[in-house]
Amino acid sequence: MAEVKLGGQATAELSEAAQAELMDQCEEQFARLEKLQNEIILCEPDFCENPQQQAVNRLIATEAELKQWLTVEPELLASNSEVLLQAGKEEMLKLCSELEMVVSCHEAKRDKLRETKELEQKWLEEKKQVLIAANDHVERLQLEKGTFSEHSILQDTKLKIQKMKIYQERLMESLGDILEKHIPLPQNESSTNKKNKQLMNKVLTTPHDPYVTLDSTFWPPYVEMLLRYGIAVRHQENNFKIRLEPFC
């Protein structure tokens, strides 16, 4: 039993008389346990074929034994004060060891909670700083919006219009350079008239071959106009030849 289960060191601290008394009590208890075990074996009921009925019988026996133990008054297994004192010391030492383990666990848990608390406080402080900075930015924007007068808006609009005019002028200059380089104007009107007469004379003089071969003397915009409005058509096999469209 727990009251008489002393360790080797605790037993060595007892006197010879206390040790002898403790050994006698242990032998007496072991003999009692052996007797009870034999009685249980002899009183064990016959094998029951019904497992459910067997379980019910065991439950009834267990409940009866529990009621009996509840009515029994606990008694000390040892009457020697020296044995009881040494058993109490051992139990106190065991309890102190268990309490030290509990304290150690609680201290570790407390340190972990303290660390978590510090991290949460640091995170909260950072969020507060972000919120303060955001509020300052909003206030600054509101202040700038309030001081932005109509005169400032008008000046800004004029500046944008001036920039657009400058950009338009540069764009027109670039477009003029492109047209001058890639689509130059005809040198004189007589050249254009000659091309018109050439197309008409070709139709009249050689109706079987009315096509005229294009060269650098033909003004590209003029040729494009003739083709776009259906006045002239290209040769089906040679894009550099055109002829007048026959008019009925």
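Modeller: First, the terms: buried means under 20% relative accessible area, exposed over 50%, and partly exposed in between (1.4 Å probe, protein chains only). This is a predicted model, where local features need pLDDT of at least 70, side-chain atom pairs count only at pLDDT 80 or more, and totals for chains, interfaces and linings use all residues. Numbering runs from 1 along each chain as its sequence is written, and side-chain values use heavy atoms, leaving out hydrogens and water.

Let's take helix 7, residues 220-228 (helices are DSSP runs of H or I, at least four residues, numbered from the N terminus). Tyr222, Val223 and Leu226 are its buried residues to look at. They sit on the same side of helix 7, because their arc around the axis is only 100 degrees, taken from the directions from the axis to the C-beta atoms.

Now for the charged side chains. Arg228 makes a salt bridge with Glu224, with 3.3 Å between the closest N and O atoms; the rule wants a Lys or Arg side-chain nitrogen within 4 Å of an Asp or Glu carboxyl oxygen. Both partners belong to helix 7 and are 4 residues apart, about one turn. Arg228 is exposed at 62% relative accessibility, while Glu224 is partly exposed at 38%. Just past the end of helix 7, Gly230 has a positive phi of about 75 degrees.

Technical notes
Helices (H or I, at least four residues) and strands (E, at least two) are DSSP runs, numbered from the N terminus.
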